[in-house]
Amino acid sequence: MRKVPSLLLLPILLLTLTAASAVEPPADKAAGTVDVHLSEYAIKMPDTLPAGPTTFVVHNDGNKTRSFRIEGPGLSEILAKPVPPQETENLQVTLQPGEYKVYCPVGSHEVKGMKVTLRVTAKQ
């Protein structure tokens, strides 16, 4: 008779553990999202990030079409399509430790100041 209550508690325990683990998102996923704001000849984003999978959420806050390119250790990626004014696009990459050049490859935007250096540190 004692085995029956134990067997009934097992599904309840498993459901409780599953629900508890679903509440907290993985730390890596949250840490891997980076907001980038593009405007008239400026890029605003962190200048240092940890290595690993990263999603750049690129917001065009300006009045002209923009894009986003990143070049560095083993990586040269660009947004799949330019970002019209007041719209957003995502770019997913895996960053390795080192220094990256980030810029807008549209016309002469890079020459006019739309470039930054990103330093990527080893994951701790």
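The protein chain exposes about 8,000 Å², and carbon and sulfur atoms supply 59% of that area (Shrake-Rupley method, 1.4 Å probe). The model is a predicted one, so to speak with conditions attached: local features need pLDDT of at least 70, side-chain atom pairs count only at pLDDT 80 or more, and totals for chains, interfaces and linings use all residues. Residues are numbered from 1 along each chain as its sequence is written, and side-chain values use heavy atoms, with hydrogens and water left out.

As for the overall fold, the chain has two helices and nine strands (DSSP runs: H or I of at least four residues for helices, E of at least two for strands, numbered from the N terminus). Along the sequence, the order reads α-α-β-β-β-β-β-β-β-β-β. Of the 124 residues, 29% are buried (under 20% relative accessible area, 1.4 Å probe, protein chains only).

Strand β9 (residues 115–121) pairs with two strands mentioned here (pairing takes at least two DSSP bridges). With β3 (residues 48–50), β9 runs parallel, joined by three bridges; one of the partners is R119, which sits across from T48.

H59 counts as buried because its relative accessible area is 18%. Its side chain makes a polar contact with the side chain of T88 at 3.2 Å (a pair of N or O atoms within 3.5 Å; within protein, one must be able to donate a hydrogen and the other to accept it, and residues adjacent in sequence count only if both atoms are side-chain atoms).

Key:
Buried means under 20% relative accessible area, exposed over 50%, partly exposed in between (1.4 Å probe, protein chains only).
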